[in-house]
Amino acid sequence: MAILKLILCAGWLISLQVFSSTAILDKKETINGVTVQTGKQDSSRIYQGSITKTFPYKLDTIKKSVMNFHEKCNNSLKERRKFTDKNADCKYHNENLVETLVIKNIKQTGWTKAPGEVERFIMGRLIYNRGSFGYYELVQIFHGKNKKNQNTIKIVQTMLDDKATKLYVTPAFDKDSAFETIQCTYTLTELSPTKTKLRYKYSANTEHWILNKEVSIPQVFASISKSINDLVKTVDTESVIQSRDLASN
């Protein structure tokens, strides 16, 4: 079932949304510290995953470790890159990710920033898994404070359809994915000057005939759990590197 690996195409870029009143929860469990659940809503299946971790690093360090999107890919797929340097090595492995285009120069009309939003940009993802796939995402960064007056940073990634993509950029390729929607949210909370809590939430909606079947749920759950735990390890590793670099300067 190669199609099941498509759950990892976004790798660690998908978020949890609350089941609506019309969705039916099929299964919920915890796998290696990751809470995973799934349910049906009409003809669609919703997959969700979440985790909370605390790191001994500064808030800004964790933000930078989350946002190094261009440093994650599968280096063995270099020859399939179309838009980025084929000789460059990604620092962190993502099994199905060929390349990521980070586009900061977006169109400035037709949209407005949300409350607390400090930045938005577009990312293009090219994926390979026994076939080529791709889509664009909107990335939004929010700064604020929570009810405890703690500094917070929220990073939200949302898969765009072709019409929404054209609002920001002239796309180089059309959306091609097994998922109708994908979203992820990283919520970073400053617990102290040297301690940050990360809350990661993932949600994907699909009408794909394989991913819709109940028999596929255990395999998809295992993939979600592994992907999210890989994310946590990546954030931790990158934060160590950044902290050392900061100390050496």
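Hi everyone, a definition to start: rings of Phe, Tyr and Trp (its six-membered ring) pair if their centres lie within 6.5 Å, with planes under 30 degrees apart counted as stacked, over 60 as edge-to-face and the rest as tilted. By that rule, the structure holds 6 aromatic pairs.

A word on the model. It is predicted, so local features need pLDDT of at least 70 and side-chain atom pairs count only at pLDDT 80 or more, while totals for chains, interfaces and linings use all residues. Residues are numbered from 1 along each chain as its sequence is written, and side-chain values use heavy atoms, leaving out hydrogens and water.

Now, two of the pairs. Phenylalanine 83 and phenylalanine 173 are tilted, at 6.2 Å centre to centre and 35° between the planes. Phenylalanine 83 is partly exposed at 39% relative accessibility, whereas phenylalanine 173 is buried at 14% (buried means under 20% relative accessible area, exposed over 50%, partly exposed in between, with a 1.4 Å probe and protein chains only). Both residues also belong to one aromatic cluster with Tyr136.

Next, tryptophan 111 and tyrosine 168 form a tilted pair, 5.8 Å centre to centre with 45° between the planes. Tryptophan 111 counts as buried at 15% relative accessibility, and tyrosine 168 counts as buried at 6%.

And what lies over the face of tyrosine 128? That's arginine 80, at 3.6 Å from the ring centre. Likewise, the charged end of lysine 104 sits over the ring of phenylalanine 121, 4.9 Å from its centre. The criterion here is NZ of Lys or CZ of Arg within 6 Å of the ring centre and within 35 degrees of the ring normal. Thanks, everyone!
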